[in-house]
Amino acid sequence: MRKAIVPLTVLLILTACNNVPDKRPATADPRASAETVKMLAGLRYAVDKGIMFGHQDDLAYGIGWVSPGGESDIRRVTSDYPAVYGMDLGDIEHGSGVNLDSVPFEQMKAFAGEIRSRGGVITFSWHVDNPLTGGTAWDISSDKVVSSVLPGGICHEKYREWLDSLAGFMRSLTDENGVAIPVIFRPYHEHTGSWFWWGQNLCTDDEFIALWRFTFNYLCGEKGLHNLLFAYSAAGDFEDKEQYMRRYPGDEYVDLVGFDYYQMPGADSRSFIDAVSRGLGIVTGVAAEHGKLAALTEAGYESIPDSTWWTGTLWPAVKDYPVSYVLVWRNAHNRPGHYYAPYPGQVSAKDFIDFYNLPATLFQEDITGLDIYK
Ligand code: BMA
């Protein structure tokens, strides 16, 4: 026994001296379920194989169709599903049956089971209403909202109830054996912008961090949820690493770091490539330093008017970075022109197939082989 201990001690000292970041799949939640720990390890492994493609509300609706069919615009174009599926929990806080975009939560639950059985990855954002004013997530009329939900604040009890409702939904996500499905939870996104009530100019850094930590501790502690990986995701216009990290709640509260970036109408491809590359340079650096995953948590070009956007703009922007996934936003069925993925006949559909065929873009069939849950 003693003989074994000495070399191990030496090894530990050497490792510490080398200052090599610890690459073990340690989840932020120290009591994360075995499946969640495995998923984090699988996601890390997949980064070496390529970049997973994700799509918001992929199974819920698309251009010219609305579920219950379980269709997918990505599948209609490529004959394959995305690897990552985004969904939004906005309105779960009110115990509503449908989210802010009218997707039934029962349907999301069914999709989660389906996605899990295919080996796909699920990520939830939360466009949560403004608890102080009763407005939407975009109601920025008060800069007291975050402080109002913190312990001692006038909306604190209400916020706990909202989290209870969210926790109930998260807990209901189980596979065919009744095992909790691990998901990536991405609350309070785009916090470096000032268009949501938790944004840059709407609360102090300390308040934001307190909001994050309270939410994490309440869900993983009091509510006993252990199937969550936490994603910290800024708006794409952050200036530098210092600004990116200013509201970082700490390594014990985060599993994945990312940001959202869109190509605006009229902006050129070069500016998108430059901005995304610059952001990924910073965020993948942070990820490496802190032992986290990195992702382009939302991206896109509304209506995709550029016929070679996928291989000519998106891919050059991301391909050189160790990124877990890139998720494009939703294909609204009831808001003309508000779509970010191609559909059959769409001007960029052919280029999307070329993008799909690149060896380093990962879709469902690619990750089935990797089995990130094992
Ligand atoms: C926004 C738009 C809105 C939508 C919201 C939440 O970017 O797509 O129409 O309600 O996301 O999904």
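**Figure 1. Arg247 in the predicted model.** Arg247 is buried, its relative accessible area being 3%. The model shown here and in the other views is predicted. Arg247 sits in the loop that runs between H8 and S8. Setting aside residues within four places in sequence, the contacts of Arg247 are His191, Trp198, Gly199, Gln200, Cys203, Thr204, Asp205, Phe208, Ile209 and Tyr232. For scale, Trp126 is 121 residues from Arg247 along the chain, and the two C-alpha atoms are separated by 18 Å.

**Figure 2. The largest pocket and its lining.** The volume of the largest pocket is about 580 Å³. Its lining is made up of 26 residues. Those nearest the centre of the pocket are Glu190, Tyr262, Glu298, Trp329 and Tyr340. Sorted by class, the lining holds 12 nonpolar, 6 polar and 8 charged residues. Strand S8 (256–263) and strand S9 (293–301) contribute at least two lining residues each. S8 gives the largest share, 4 residues.

**Figure 3. Asp175, a buried residue without a salt bridge.** Asp175 belongs to the loop between helix H6 (156–171) and strand S6 (183–186). Asp175 is buried but forms no salt bridge. Which side chain of opposite charge is nearest to Asp175? The nearest is that of Arg116, at 4.7 Å.

**Figure 4. Two aspartates with positive phi, Asp57 and Asp371****.** Most residues other than glycine have a negative phi. Asp57, which is not a glycine, has a positive phi of about 55 degrees. Asp57 is placed in the loop between strand S1 (51–56) and strand S2 (61–62). With a relative accessible area of 3%, Asp57 is buried. Asp371 is likewise not a glycine, and its phi is positive at about 45 degrees. Asp371 is located in the segment after helix H12 (364–370). The relative accessible area of Asp371 is 25%, and this residue is partly exposed.

**Figure 5. The salt bridge between Lys241 and Glu289****.** The closest N and O atoms of Lys241 and Glu289 are 2.9 Å apart. Lys241 is partly exposed, at 36% relative accessibility.

**Figure 6. Further salt bridges.** The count for the model comes to 18 salt bridges. One of the pairs is Glu242 with Arg246, where the closest N and O atoms are 2.8 Å apart. Glu242 is partly exposed, with a relative accessible area of 48%, and Arg246 is partly exposed at 34%. In another pair, Asp143 and Lys144 form a salt bridge whose closest N and O atoms are 2.9 Å apart. Asp143 is partly exposed, at 39% relative accessibility. Lys144 is also partly exposed, with a relative accessible area of 49%. Salt bridges also link Glu157, Arg160 and Glu222 in a network.

Figure 7. Ser96 is part of the loop between strand S4 (84–88) and helix H4 (105–118). Is Ser96 buried or partly exposed? Ser96 is partly exposed, with a relative accessible area of 26%. Apart from neighbours within four places in sequence, Ser96 is in contact with Asp91 and Phe105. Phe105 is in contact with Ser96 and falls within helix H4 (105–118). Val179 is 83 residues from Ser96 in sequence, and the C-alpha to C-alpha distance between them is 25 Å.

Conventions. Residues numbered from 1 in each chain as written. Predicted model: local features only at pLDDT ≥ 70, side-chain atom pairs only at ≥ 80, totals over all residues. Heavy atoms only, no water. Buried < 20%, exposed > 50% of the residue type's maximum accessible area, 1.4 Å probe, protein only. Lys, Arg positive; Asp, Glu negative; His and termini not counted. Salt bridge = Lys/Arg side-chain N within 4 Å of Asp/Glu carboxyl O. 1 Å grid on protein atoms, 1.4 Å probe; cavity = no way out; pocket = protein on both sides within 12 Å on 5 of 7 lines; lining within 4 Å. Points joined across faces, edges and corners; volume = space filled by probe spheres on them. Nonpolar A, V, L, I, M, F, W, Y, C, P; charged D, E, K, R; others polar. Contact = heavy atoms within 4.5 Å.
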